[in-house]
Amino acid sequence: MTRLKTKSSNTAKLTCYQRALGHAEVGSPIANDYIALHLLSPKVRAEIIDAGKRRAHINRVSPTYSYINARNMHMDRMVLEAVEKGFAQIVILGAGYDTTAHRLLSDRDVQVYEVDAPTSQADKKKYLAAAGVSAPDNLHYIPIDFNEQSLRDVMLASPYDPALKTQFIWEGVTYYISAEAVDATLAFIQESSATGSIVAFDYIYADVFSGNLSYYGAEEGVAYVASVGEPFTYGIETETLTEFLEQRGFTLVEHYTGPEFQARYLPEGRFPRAYEYMGNVVAVVK
Ligand SMILES: C[S@@+](CC[C@H](N)C(=O)[O-])C[C@H]1O[C@@H](n2cnc3c(N)ncnc32)[C@H](O)[C@@H]1O
């Protein structure tokens with residue numbers, strides 16, 4: 001994370017911006033992140049509030065806009081289902097400017113852990129404070145560099161309890177870290193949470209890295225993240241996914257391709273076509 005050592009994540013800001021666009025354009029109960037707008041600069045905020053300028057923004061970023069809003073619905077769903085099932089912990093890995101803890105969990109009987117680069121966390125705290133959004137009492141900020149530090153050491157030094165059933169949200173992260181860090185994260189989840197714990201994550205199709213940019217939105221996506229200093233680094237072959245997870249002690253319970261993700265979460269006609277170079281996984285700890 002060379003850039004992230006000194007600066008907060010640009011791609012975290014980008015996903016926050018997409019959620020702010022979604023909430024302003026479509027609103028709840030589909031695009032629920034009412035806090036995102038308040039974490040952006042006054043200039044961008046004003047442009048999102050203005051319907052004409054907002055549409056111009058959406059047209060410019062439409063495949064990402066749709067994907068990120070679908071993903072936010074997915075994450076909200078996973079977290080709320082976990083709480084309903086009585087899970088005691090929610091761990092948000094690479095949380096960025098995620099506001100799940102503030103929007104959905106402040107009055108619930110769960111402990112929430114946001115694990116992220118310290119630079120991204122520092123900016124997030126600053127923006128939340130400026131927006132007058134206070135941190136819920138059940139939220140723990142855990143700083144880490146996934147590529148250089150042991151997630152296990154960092155988590156076990158916190159109040160996190162490895163004996164409890166836990167929902168892990170790991171969205172928008174696997175493709176920015178090393179293969180070793182992906183394996184170490186899955187090993188931590190497998191070994192240091194109760195059987196039946198759940199991880200939800202997305203991944204880039206591995207052939208994108210061997211030059212297949214024919215998936216909808218791939219060419220622009222790959223170029224954009226490289227241009228902001230956070231290039232994609234890692235992918236998984238969908239054909240090997242079940243085996244990949246089994247070997248690491250997980251059972252695959254849900255998988256969505258891009259079009260399936262759009263169909264599951266985005267009402268027809270309300271969102272443009274989402275990008276299609278990623279899959280979404282829900283897996284359970286055996
Ligand atoms: C695209 S953002 C996703 C943020 C959030 N999950 C969301 O969906 O909006 C990627 C996040 O991963 C974090 N990240 C990337 N590489 C990291 C690393 N090596 N160590 C810690 N965090 C990292 C960044 O700080 C950033 O918050």
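Predicted model: local features only at pLDDT ≥ 70, side-chain atom pairs only at ≥ 80, totals over all residues.
Residues are counted from 1 along each chain, following the sequence as written. Local features need pLDDT of at least 70 and side-chain atom pairs count only at pLDDT 80 or more, while totals for chains, interfaces and linings use all residues.

**View A. The open sheet.** Seven strands line up as β3-β2-β1-β4-β5-β7-β6, with mixed pairing. Strands here are DSSP E runs of at least two residues, helices are H or I runs of at least four, and both are numbered from the N terminus; two strands pair if DSSP finds at least two bridges between them. At the edges sit β3 and β6 (250-256), each pairing on one side only.

**View B. Two strand pairs.** Strands β2 (residues 111-116) and β3 (residues 139-143) run parallel, joined by five bridges; Glu114 has Tyr141 in β3 as its bridge partner. Seven bridges link β5 (residues 198-204) and β7 (residues 278-285) in the antiparallel sense, and here Phe201 partners Val281 in β7.

**View C. Helices α1 and α3.** The axes of α1 and α3 (residues 51-60), lines fitted to C-alpha atoms over the stretch in contact, come within 11 Å and cross at roughly 130°, on a scale from 0 to 180 degrees between N-to-C directions.

**View D. Around the ligand.** Of the 22 residues around the ligand (C-beta atom, placed from the backbone, within 6 Å), Thr15, Gly94, Gly96, Ser120 and Gly172 come nearest. Helix α1 (residues 10-25) gives the largest share of this shell, three residues.
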